[in-house]
Amino acid sequence: MELSARAQQGPRRLQGDPPAGGRGLPPPPPLPPPPARENGQGLYECPMCHLVCTDYPVLQEHVELHLEECNFLEVGGNLSDLELAQRLQNEEDKQREEAARQEREDFQKLQRQYGLDGSGGYKQQTLKNMEKEVAFGKMQPSEYHKRKADMMESLAFGIDDGTTRTSGITEALCLYYQNECKDIKHVWLSMGTDHFHCSFGDKGWGCGYRNFQMMFSSLLRNSTYKDTLKDNSSIPCIPKIQSLIEEAWKEGFDPQGASHFSSRLQGTKAWIGACEIYSLLTSLRIKCQIIDFHQPTGPSGTHPRLFEWILNYYSSDKENNAKVNCTSKPPVYLQHQGHSRTIIGIEERKNRSMCLLILDPGCPTQDMQKLLKGIDGNNLRLLRRFIGSLKHKQYQIVAIDGVLSMEEKAARRQASQLFTAQRIP
């Protein structure tokens, strides 16, 4: 594209502007006015070195070079070559030290953000936060000691204490949709799924673990999955989930992920994501897959292909055209940058729009308990997510679909040496 004539001229020096490279230097001697042209050829003399030019713009550039040279001499002309080199080296060293310091600070910030700073894990955070509650008068010392004893018992057996668990939500939803919602054409719900809220011990980092507990609570309701999980027939606490992931790494699942965490999760506040959930489920012989919606597929950064995939997942085994379909499908793990949630169903509306039903581990237990007392359009907003409300750049899901034989498990373990996921689109 050609520039306009004005753009090609470049910046103009305005009357009263400081001279280029001034730094306190006196202004250059005024250029002589262009003399009359002789024989069609003008001659212009530099007022500083008396060089004669035949082109006035060339003379202007020539004088600018004189000014830049004077500026350099003012700054470094009084220094010896050795002193000048030393000054330049010192400045370079300072820049290198500042870059290294900034890199250390950024790395430490990431370690703190992702729970890898050595500040302790679930147990330490629980005790610290309960001590704060006592200090602020929000918890009685007697309650502190009781909760501490309960926590120690829970950790000893590796079983969640159930204090943030809400059961019966999917059952309440099924009843609600059968009697209400005239604007709904179809709705599909997962198997019964309990909600788990973050507690004193995992606030700020435990969403991935809580979502695994939600998925696990659903699997234990199905005889096929429960038989496969007979050695893990209770909801594991967060430290137990961490140890199960470490065991999956020891078996050989996802060596890259194991290396990222230095093969250690217990005693940390490390965040986990879709890859860790996949490795853990597969190590337990639960058949699952990761789907990577790596970019928006709709206007304004939306992901309609994600909604379509979830609809196909839940509706694939429907046998009739019923309005309410309580399926045998487990819930779906949903991951995006910084947070994860659990999809327990999807609405298909009469206007052809879709709405996901999502359990969020960040939603307080008190609010989830209200759903059991009666669902209406207001409190259902805790679960509903329309296409316009899921606008992160990337989403990953982990979907369960059956159990694995020992041979299939071994094959998937081998395949996880180089982790890949199905990408849509």
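Q: Which residue is the bridge partner of Asp-292 in β12?

A: The bridge partner of Asp-292 is Gln-396. This is a predicted model, in which local features need pLDDT of at least 70 and side-chain atom pairs count only at pLDDT 80 or more, while totals for chains, interfaces and linings use all residues. Residues are numbered from 1 along each chain as its sequence is written, and side-chain values use heavy atoms, without hydrogens and water.

Q: Which strands pair with β12?

A: Strands are DSSP runs of E, at least two residues long, and helices are runs of H or I of at least four, both numbered from the N terminus. Two strands pair if DSSP finds at least two bridges between them. Strand β6 (residues 286-293) is antiparallel to β12 (residues 395-403), with 7 bridges. Strand β8 (residues 332-336) also runs antiparallel to β12, joined by 3 bridges; here Tyr-333 stands opposite Val-398.

Q: Where do the buried residues of helix α5 lie around its axis?

A: An α-helix has 3.6 residues a turn, so residues three or four places apart point the same way. In α5, Tyr-144, Met-151 and Ser-154 are buried (under 20% relative accessible area; exposed is over 50%, partly exposed in between, with a 1.4 Å probe and protein chains only). These buried residues fall within an arc of 95°, taken from the directions from the helix axis to the C-beta atoms, so they line one face of the helix. They pack against α4 (122-135), contact meaning heavy atoms within 4.5 Å.

Q: Which exposed residues does the face turned away from the buried side of α5 carry?

A: That face carries Ser-142, His-145, Lys-146, Ala-156 and Phe-157.
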